[in-house]
Structures are given as structure tokens and as C-alpha cells.
Amino acid sequence: MKNAIEVKDLSFTYEGYGDSPDVTALRDVSFTVPEGSFTAILGHNGSGKSTLASILCMLEEPGSGEVIIYGKRMTGEDVTDEDIFEARRRVGMVFQNPDNQIVATVVEEDVAFGCENLGIPSAEIRKRVDAALDTVGMRKYARHSPHKLSGGQKQRVAIAGVIAMKRDCIIFDESTAMLDPLGRRDVMETIEKLNHEDGVTVILITHYMEEASRADKIIVLDGGRVLTEGTPAEVFSDPEKLWEASLDVPQSTELLYRMKKAGYDVRLDIFDAEGCAAEISRAIEKRRGKRV
Amino acid sequence: MSEIVLKDVNYIYNKGTPYEVHALRDINLTLGGGIIGIIGHTGSGKSTLVQLLNGLAKPSSGKVLFDGEDLWEKPERVRAARFRAGLVMQYPEYQLFASTVYEDIAFGPRNMGLSADEVDRRVRLAAEFAKVSPDVMERSPFDLSGGQKRRVALAGVIAMNPEFLVLDEPAAGLDPGSRRFILGGIKEYRKKSGNSVIIVSHSMEDMASYCDRIIVMANGRVIMDGSCAEVFSRSLELIGLGLDVPQVTHIASALRECGIDIGRDVYTVGYAAEKLDSFCKKA
Amino acid sequence: MDVAFGQYCEGDSLLHRLDPRAKLIISILYIVVIFLAKNVFAFAAVTVATLAMIFISRIPKVIIAGGLKPILFIAMFTAVFNIFFFKGETLLVDVWIIKIYLEGLINAGLIVLRIVLLLISTSLLLTYTTTPIALTDGLEQLLSPLAKIGIPIHDFSMMMTIALRFIPTLIEETDKIMNAQKARGADFSSGSIIKRVRALIPIIIPLFVSAFRRASDLATAMECRCYTGGKGRTRMNVLHASPRDFVFTFCVICLGAGVILINIYAPGYSVSM
């Protein structure tokens, strides 16, 4: 499978101003994101995840290391403005604060904004905007003012703006952090739909473990380094490590982990309530069986 | 211990216009003691409810009684209520303004007209409660990290030593570790100061772990009011309201269907593990 | 809470559907016509035309009446000034030093009417039936010839759009910050002027900090969406002038001609000022 994004030995340092010291945000970070995959990036506040996102969107220049986007190396002296424009055309970003990324005063105008920047003909923009609003389920709000929408609805408008540009990869930089549970559920459903049905490569930066558990792969950042990396099952199998990194595991995993510590023979890689209950009841049966 | 009583309270926004919203309907509540959690959707009326407690909003009808005294009967009581029910709004770090952390925390106590010595004492005590380290006191609040800013803002309200500390989504946007840190700090504050705490939040997991009593709101009404065990044992109703219950509550009900009944009042992982353990020993 | 006054009102009337460029031109013409009106009859003609416009727009009368509130004071002041200080021929009241003339009364009436007509017609055309974004678009395209001589029309219009987008957000934010500081005992309504100005510091500083943060966030978001200025940009909604735009403009020109004729051939009580 081809990679959408490859990152090799990436480091980044914010230069301190005045008396404040330099801050190293990323140290030797390496990972790959295959096309069409769903990758979650976990990490506490200040672990470097937002810095990573801005480097992937060409907003910051990496200090050292390589970033390859759709086969094109984006680091080094010979990167032109056209290359950056092309990378931005393929990799889009949805930010944390829904209010601060909406440009226009009408929903559909905002969705059209990116396409207009790309110089797409009017009729084609119209088609794409309508389709994008359908995808995120916001078509009936097309003529509304974004100001009056809920946080979750605003985020879906922002997502529509990104998909109208036909991006191959979308980075969600804590896009669910400021939403209420309903808004979060809607946005997560939209993200999964984009990934499953339209084959969009998704990179989801989040604090919510249950969101990360739905990804194909999780990368955990801690102090600017990759602490651990793998499928949700692999990553969540070591709760102690995540707790230490100021993170958490889904409650199902935590309960199974406690059972395991109490001597039960259970797997830890189960994230849904029914599966977790089945696993516990199986382990209890087994122990009873032994006793008899 | 102080007590806030809401009596037949209604609140209507934009009354008499086409944009009228009936935000609160016939609310009757007695608040005081322990950590009280208020949960509900955006638009359920919980934020309006919170603003009634310190007189930021005036009920359209009904009474807000602070230790038996009607808040809106005398204008000076409204101002006093600001200090008696200290409100920490959502994302409070966006309200920091002073040139130093110390000055910002001192804003509330100074508005109360306290002496310089008393202000100083309160600021230091509040900083300790909110886990603001003494060596940042002379720094600009704008230079701090997000989590630190949040704690400075929290200290700014604690410094007024309110009989009620009211927090709207105190852990919003924080990572799990910082959530535990700030909520743990609030619990400790409750224990040491003896003041009542009211937390408004969406997070069932947090509420289950930190609250003694939970009030569930929907469409401007109080739907449930009771201990965590009482409220979460009605998980089906909560789900019906579109609210989430902690995942472990789901697991407990799934276990019940597998023939392992560990009770309906399971809402924290620790308690579930305990119950499972005793279930196995019994069996 | 003044939700509706002075804001766009959703609708599908003829006035709503006019091209914003046409509406801008018509507004200017209409202002000229109002100032051309010199006597009672001419004013009557313009008033009828304005009432017709209200009828066509189907904007609720309550909203239009509410929109007049801000000028109430100015209108009253002008009226009083004219009634008491205008010298005419027909003396109506003469008590102590107060002299009121019939001409003064009429003059006051007409001037107040002029202010009211100005406000109603421009707000009907430009705010109640036109979204701010359409207006900005219209303005941008009307002024686009100026871009050729190096005036950054696109940049101005982008700034306008963003300002319009963020005004309600910042108003809401101000409200939140005020509440937060009130919750810490801030008092904005008592004390000397200096005290009151000082009391604003805890509001203004967080508001500025937040506005800068939003501006920087938005700039980043725009960059991510491939914004590189006006060059090479297309638009989803391209404005097309239709026959009704020309017909409407023509009607207003006719009204202007009519007003001039009435001024000349039907002299009545003339307004001065």
C-alpha cells in the first residue's frame, strides 16, 4: 500500500524569545500513514501533537528530519511554493475551535471558500458544495449564518469545506475537544463515514480514548517522542504506561486490566461493552470450571 | 452550612419576541453540601441555572433564596451573592487580564473591599488550593501553559472564599491527566474548606467519580436528582434522554444479561471490579 | 434583546432578489431623490414610493418601526429646533419669548420625514433584504475597475467579510467576559467616570487577547485552505444582473424626474435646510 504521509526522524524546536529557553516540541519522530487508513495521535497537552499537525500542513518548517507527502519530499531547500500549495491541496486540516476557522457569514459560502481559492469554475464549485453539505448532513443549513449553529454543526461545516476541496487526507487537530457529547458523536460519525465510504485518509488528534479506539493505528506522543505505536489493542494493553503519560484507557480496558491483575485470564483488547461483558463472563466460567 | 433554595423558578429569554426561549421551567431545588453535579445537554438550561445562583441572571418568576433570604429583594444582596456563590465559567483562562498572576487572583478579593493583608492571605491560600505554584505569582498569566492558566482562573474565584464554588465544565479541553489533576484539586478543596461545590459537566465518567449528588436536566426541567447510584441505576432513562452513562455502567448491564448480576448502581471502574470480585468469591 | 432590528431578514421578495450591485446604485439614487424633494407634494410622492417599497419587501412593519428607534432622539431634536427657531409668516403661538410659526411646524415635519425616509429606504435596500456578504460582494464587483489602478479592492472586501463574520462572535465574547468579571465582583455601573473607565480594563484586555488569538487562528485556517489572496480566485456565486434590476433602477430614475417636475410645477410649502 502506498503511504499518504511519511515522517522520518522529525525534530522541531521553538526558539525562546527574551529570557525564556528554547522548547523542543518534537524529537526524532518517525511514522507512516498509509493511504486510506485511520490513524489516531494521542498525547497530553504539550506533548507535541499540535506542532506535528502544523508541520504536516506546512504551517511550520521542521527543524530536522524528513516529511514526505504523497511521495513528494517537503523538507529541504528546494521545496517551492507550488509544492506547498500542492501539498495543502491534498492534505486538509480541521482545527479545534469551530469559531476560528469559519470565514464567511453564510454556511455554503464558507464551504465554497477553499474551492474558490483553487480557482475552480463556479458551476463545479456549486456541485461540490452541495455534495459536501450532503455528506456531512448540513444541506438544510446551507443558507444559514454559521454563527447560530451549534459547535458540532460548525465543525461539520468546516469538514464540508475541507471535503469540497477533494482532499485525500484530513487532519483533525482536536476537532472534538470543544464539543458536547452529541456534537462529538456527530463529528465522529462523519469522520468514520469519510474514512470508510470515501476512502479519505484520516489523522485524528484527540484526548478521548474511546475515539482513538476506533482507529486502525494509534501513535502516542509523550514529551515530543513517540512513546508507543500500534493497533488500539496493542496500545491499550499497557494502561500503566498511558496513565504515566497523563492519558487514559477506555473503561472496558481498565476493568479488564483490573480483572487480569486479580488473576483472571482475560484479553485486554476489547473496547465495546458487550464484548467486555462476554470476556469477563467467559473468564469467570473458566475459573469456576477449574474449581469444579 | 449555607443553602441556596430555588423556588418555582422560571426563566425566559427574549420574552415577548418571536425568539422567546423558555430556558427553565418550575425549578425547585435545594443546594448545599458536598459536590453536586448538574448534567444535561447544551440547551437543557443548566448554564442558565448556574447564573441564577450568583445573581447574574434574574428569574422571570419564582425566587432564589440564599439562606432563606430572597436574593432579589434588596439590590445589595445581589452583589453579595457574587461573592457567596463564586462562579468559574467555561474556559475561564480567557478572562485573565492582569499583568501578574498575583494581581489577577487578587481581583475578586479586592472587589470585596478586604484589607491588603487579608487579600494577600486569600491569594496565597487560593493559589495553594488551585495548585498554582508560588514561583509563577509575579509572572504574566499570558505566559503560562493552558492548564496553568485554567488553575490561575480557578484560584481567582476560590480567593473570594465563596460558600458555593460553582464550576461550568472545569475540565473542558484538558487531557485525561490534567482532568484528574484539576478535578482532584476541587475535591480536595471541598474537603479542606468545607464549602459546597457545584459542577456542571457533560462528562458522565467525571461526574460519577467526583460527585456526591447528581441533578439531571432536560428541556429546562429537573428530571432526576439523587446520589450517583440512584441516578446511574436509571441508565436506560438517561440514554433515552440522549445522555451517555459511563461505559462501565453499560458493561454492568451487559454482564447482567450474561447472568452475572453485580447490581444496577455500578458507575465507576473501581466499584465494578470490587463487585465482580465479591461476586466470584460468593459463587 | 434586539435580535431583529438592523439585521438581514430572511425572505424571497422582489427586493430580496435584486442584484446587490443594483441595490447599491438604487440606494444612492434614492438618497439623491429624497434630497431633491423640496415641497409637501414632492415629499408625498417619495413617501408613497417608500411605502410601496415596504409593501414589496414584505418585511414586518414591527421590525421597520423598531429600526427607527436609534434616530428617535435626532429626529426629536431636529423637530424641536425647527419648531422654535424657524421664522415664517403665519404666527401660531406667541407666548413670552416663544414664537411658533406654521412654516416652522411644516418644515420640522418635512425634515423629520426626510430623515425617516432616508433610514427606511437605505435599510430596506441594504440591510433588511441584503445579506452583508452579498453587499460586500456587490461592492467588490462594482469597484473592481479600481483594482486595475492598484487599489486592493479584493483585500478590502475580504476584510469586510471577516469583520462581518466576527462581529457577532465578539459581541457574544464580550458578554461572556463581562459576566465572568461580574462574577468576581466587578462593578461597571457605579463610581466616578475614571473609576468606570478603569473598570473596563478587565474586559478590554481579555477581549483583545481573544481577538488576536482568533485572528491568528483564522489566518492559519485560511492558509490551510489554500488562500493566497485575490489572484486566481473564482467565485461560487457570480452576480448576474437581470431585467428586473434595470426596471427597478429605471423606476427610481422616473421617481426622481417626477419629484423635480413637482418641485417646479406644483409649488407648495417648501422645505428649507
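Helices (H or I, at least four residues) and strands (E, at least two) are taken as DSSP runs and numbered from the N terminus. Just after α1(B), B:Gly55 has a positive phi of about 75°. The model is predicted, so local features need pLDDT of at least 70 and side-chain atom pairs count only at pLDDT 80 or more, while totals for chains, interfaces and linings use all residues. Residues are numbered from 1 along each chain as its sequence is written, chains are lettered from A in the order in which they are written, and side-chain values use heavy atoms, with hydrogens and water left out.

Helix α1 (residues 46-53) of chain B is largely enclosed by the rest of the structure, because 7 of its 8 residues are buried. Buried means under 20% relative accessible area, exposed over 50%, and partly exposed in between (1.4 Å probe, protein chains only). Among the buried residues of α1(B) are B:Leu49, B:Val50, B:Leu52 and B:Leu53, and also B:Lys46.

Chain A and chain C share an interface in which 37 residues of chain A are in contact with 29 residues of chain C; contact means heavy atoms within 4.5 Å. The buried area is about 3100 Å², and carbon and sulfur atoms give 54% of that. Buried area here is the accessible area (1.4 Å probe) that two parts lose on being put together, summed over both. On the chain A side, A:Asn100, A:Glu116 and A:His147 lose the most area to chain C, together 21% of what that side buries.

Between these chains there are 6 salt bridges, each a side-chain nitrogen of Lys or Arg within 4 Å of a carboxyl oxygen of Asp or Glu. In one of them, C:Glu223 pairs with A:Arg88, with the closest N and O atoms 3.1 Å apart.

Over all chains there are 14 aromatic pairs. Rings of Phe, Tyr and Trp (its six-membered ring) pair if their centres lie within 6.5 Å; planes under 30 degrees apart count as stacked, over 60 as edge-to-face and the rest as tilted. Two pairs are listed below.

| Pair | Centre to centre | Angle between planes | Class |
|---|---|---|---|
| B:Tyr91 and B:Tyr94 | 6.0 Å | 15° | stacked |
| C:Phe81 and C:Phe85 | 5.2 Å | 45° | tilted |

B:Tyr91 is buried at 12% relative accessible area, whereas B:Tyr94 is partly exposed at 28%. C:Phe81 is partly exposed at 47% and C:Phe85 is exposed at 60%. C:Phe81 and C:Phe85 are about one helical turn apart because 4 residues separate their positions in helix α5 (residues 72-85) of chain C.
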